[in-house]
Amino acid sequence: MEAAAVASSGTGLRCSLNAVPRQQRRSARVGFTTKRQPCAVTCRRLLLRPNARLYRAASASARLDSGAGNSGVSRKRLAVFVSGGGSNFRSIHEAALGGEVNGDVVALITDKPGCGGAEYARCNGIPVIVFPKSKSAPEGVSTDGLLNVLRDLKVDFVLLAGYLKLIPGELVQAYPRSMLNIHPSLLPAFGGKGYYGSRVHKAVIASGARYSGPTVHFVDEQFDTGRTLAQRVVPVLANDTPEQLAARVLHEEHQVYVEAVAALCEDRIVWREDGVPLIKSRTNPNVYT
């Protein structure tokens, strides 16, 4: 599980095949890009500072795009946190565009403004917010600033997708039962501070475990200790390398996370009296998956 503190779009990336009209160039310096930009041939980085007009423009765009999905439930607005390539973020975004998820990604939050996930967001017209502020990312914002941005954007759910910092308690408390993370092991095994990426898969293989797989869980104020929502199991083969096991787990991550987010956006998650979350089947409300 990972942390956050809000920042405005850090290194902006404008991508275009043709020259950009003067009006578009001016708006890119002032606010978030809210329209998808074609990513080919030319990519130019711009440094964007936190600006209230940026947030209002992105918030207005999100409201215009919101509406009722096929399930009869209003479309949800999602904020995704990443620190790397963001393959789970891409899967969720593509599922939303394809109608599999009844929601829209309205913001990408990152502590690494140059990461692949942030560049993908910029090239798809998704506002990028840098969090937290640091020496390497002076354009970042504070936790209070991030909370203000998320409120302005009317974010319903927060999704962590490879964000490598602990989420501040204030943010967790602002989104109770509304913040998910995905971890590349069968929690509670091989979770906690320092367990991420290849470190997890190396530890699984070294332990002699016969099975592994991803876990989708709600976020609390510690690393990887929130309530489990969904898991997928994959075999750990006798001659597995960490890279081979990682690829097998990642394949399942992309599926199980999209399914969990889809359930969240369709209000299909119910909580047992003992605090365990369950997912209702889309086709049969009396069955839990």
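A crossing is called left-handed if the near helix is turned anticlockwise from the far one by less than a right angle, and right-handed if clockwise. Helices (H or I, at least four residues) and strands (E, at least two) are DSSP runs, numbered from the N terminus. The model is predicted: local features need pLDDT of at least 70, side-chain atom pairs count only at pLDDT 80 or more, and totals for chains, interfaces and linings use all residues. Residues are numbered from 1 along each chain as its sequence is written, and side-chain values use heavy atoms, with hydrogens and water left out.

**View A. Helix α3 packs against helix α8 at an angle of about 45°.**
The axes of α3 and α8 are 9 Å apart; axes are lines fitted to C-alpha atoms, for helices over the stretch in contact, and angles run from 0 to 180 degrees between N-to-C directions. Angles under 35 degrees count as roughly parallel, over 145 as roughly antiparallel, 65 to 115 as roughly perpendicular and the rest as oblique. The pair α3 and α8 is therefore oblique. The crossing of α3 with α8 is right-handed. On the α3 side the contact (heavy atoms within 4.5 Å) uses S87, N88, S91, I92 and A95, and on the α8 side L250, E253, H254, Y257, V258 and V261. By class, the contact of α3 with α8 has six nonpolar, four polar and one charged residues. Ala, Val, Leu, Ile, Met, Phe, Trp, Tyr, Cys and Pro count as nonpolar, Asp, Glu, Lys and Arg as charged, and the others, Gly among them, as polar.

**View B. Helix α7 (residues 198-207) crosses helix α8 (residues 242-265) at roughly 110°.**
The axes of α7 and α8 come within 9 Å, and the two helices are therefore roughly perpendicular. Their crossing is right-handed. From α7, H201, K202, V204 and I205 meet P242, L245, A246 and V249 of α8. Six nonpolar, one polar and one charged residues make up this contact.

**View C. Helix α3 lies beside helix α4 (residues 116-123), their axes crossing at roughly 25°.**
The axes of α3 and α4 come within 10 Å, and the angle makes α3 roughly parallel to α4. F89, R90, H93 and E94 of α3 meet G116, G117, Y120 and A121 of α4. Three nonpolar, three polar and two charged residues form the contact of α3 with α4.

**View D. The largest pocket holds about 600 Å³ of space.**
On a 1 Å grid over the protein atoms alone, a pocket is an open set of points where a 1.4 Å probe fits, with protein on both sides within 12 Å along at least five of seven lines; lining residues have an atom within 4 Å of a point. Grid points are joined across faces, edges and corners, and the volume is the space filled by probe spheres set on the points. Of the 30 lining residues, G162, L164, P184, Y196 and G197 lie nearest the centre of the pocket. At least two lining residues come from each of α3 (87-97), β7 (179-183), α7 and α8. The lining has twelve nonpolar, 14 polar and four charged residues.

P132 sits in the loop between β5 (128-130) and α5 (143-152), and P188 in the loop between β7 and α7.
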